[in-house]
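Visitor: Please take a close look at one part for me. I would like the disulfides, with the backbone and the elements around them.

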Amino acid sequence: ACSGATSSDVITGMDGEASQLSAITTSDKLVILTVGGDDIGFVPFIEACLDPLVGCASGSTAYTNAHDAITNVLPGNLATLFSDISADLGSGARVLVLGYPDILPPTGAGYWCSGVSSSNQGPAETIEGELNSAIATAVSTAGSPFEYVDPFDQFTGHELCSSVSYFNGADAFHPGYSYHPNSQGQAAYANAVETYLTNHP
């Protein structure tokens with residue numbers, strides 16, 4: 001994962017960095033990645049949800065843009081990326097593609113972020129669910145050696161505005177860090193991978 005990188009950036013490189021695919025060798029047995037959120041503008045979507053003057057209610061610009069990207073852009077982008085990854089792998093390799101946890105508190109969480117209205121709560125959950133569903137479908141379509149890993153359980157109760165959030169808030173000095181997992185969130189992702197590999201050796 002690279003903050004702000006779309007699936008195309010993974011292939012071509014970003015901000016002067018080489019393609020992330022250049023790090024893959026035919027001797028590698030395990031590749032792990034999260035990808036797709038930036039293809040649909042997920043950070044701007046979350047920012048809209050948190051802004052009471054903008055919002056992400058169904059029918060809003062933020063909601064429509066994210067939904068349309070999930071439907072019409074993301075599947076093709078992931079298919080291209082997965083094909084390019086496959087071409088760089090040797091035999092016996094596994095590729096774990098991680099989904100995204102809920103960033104905003106879900107319905108009934110008992111805590112919420114100020115400025116987020118109930119009209120934004122459901123649509124935010126819908127977009128998060130659609131994003132993961134699209135990624136899981138792309139993984140299933142690609143087939144072996146790709147496997148989808150759901151990190152949802154490891155983040156439950158630790159969304160933004162919870163007492164122990166696993167996400168950074170808005171970061172004006174490092175915008176790319178905004179609404180991304182903090183160190184505890186990275187540890188939760190690691191736990192999701194370890195749990196998956198234990199259950200799927």
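Guide: What follows goes through the disulfides, then the elements and backbone angles.

This is a predicted model, in which local features need pLDDT of at least 70, side-chain atom pairs count only at pLDDT 80 or more, and totals for chains, interfaces and linings use all residues. Residues are numbered from 1 along each chain as its sequence is written, and side-chain values use heavy atoms, with hydrogens and water left out.

A search of the whole structure finds two disulfides. A disulfide here is a pair of cysteine sulfur atoms within 2.5 Å. Number the bonded cysteines in sequence order, and the pairing reads 1-2, 3-4.

Take cysteine 49 and cysteine 56. Their sulfur atoms lie 2.1 Å apart. The link of cysteine 49 and cysteine 56 is right-handed, with 110° about the S-S bond. Cysteine 49 is buried, at a relative accessible area of 0%. Cysteine 56 is buried too, with a relative accessible area of 0%. The cut-offs are these: buried means under 20% relative accessible area, exposed means over 50%, and partly exposed is in between, using a 1.4 Å probe and protein chains only.

Cysteine 49 is one of the buried residues of helix H2. Helices (H or I, at least four residues) and strands (E, at least two) are DSSP runs, numbered from the N terminus. H2 spans residues 42-50 and is mostly covered, with seven of its nine residues buried. Those seven are Phe42, Val43, Phe45, Ile46, Ala48, Cys49 and Leu50. Their cover includes helix H3 (61-72) and H5. Contact is defined as heavy atoms within 4.5 Å.

Now the other disulfide. Cysteine 113 is joined to cysteine 161, S to S 2.0 Å. This link of cysteine 113 and cysteine 161 is right-handed, with 115° about the S-S bond. The pair connects distant parts of the chain, 48 residues apart. Cysteine 113 sits in the loop between E2 and H5, and cysteine 161 in the loop between H6 and H7. Cysteine 113 is buried, with a relative accessible area of 4%. Cysteine 161 is partly exposed, with a relative accessible area of 39%. The loop of cysteine 161 runs between helix H6 (152-155) and helix H7 (183-199).

The backbone at cysteine 161 deserves a look. Its phi is positive, about 75°, although cysteine 161 is not a glycine. Most residues other than glycine have a negative phi, and most peptide bonds are trans. Aspartate 15 also has a positive phi, near 55°, and is not a glycine. Aspartate 15 is placed in the loop between helix H1 (7-12) and strand E1 (30-34). Aspartate 15 is exposed, with a relative accessible area of 71%.

Next, a peptide bond. The bond from serine 144 to proline 145 is cis, with omega near 15°. Proline 145 is in the loop between helix H5 (118-142) and strand E3 (146-149).

Last, the strands. E1 and strand E2 (residues 94-98) run parallel, joined by five bridges. Two strands pair if DSSP finds at least two bridges between them. Threonine 34 stands opposite leucine 98 in E2. E1 has a covered face, made of Val31 and Leu33. Its uncovered face has Leu30, Ile32 and Thr34.
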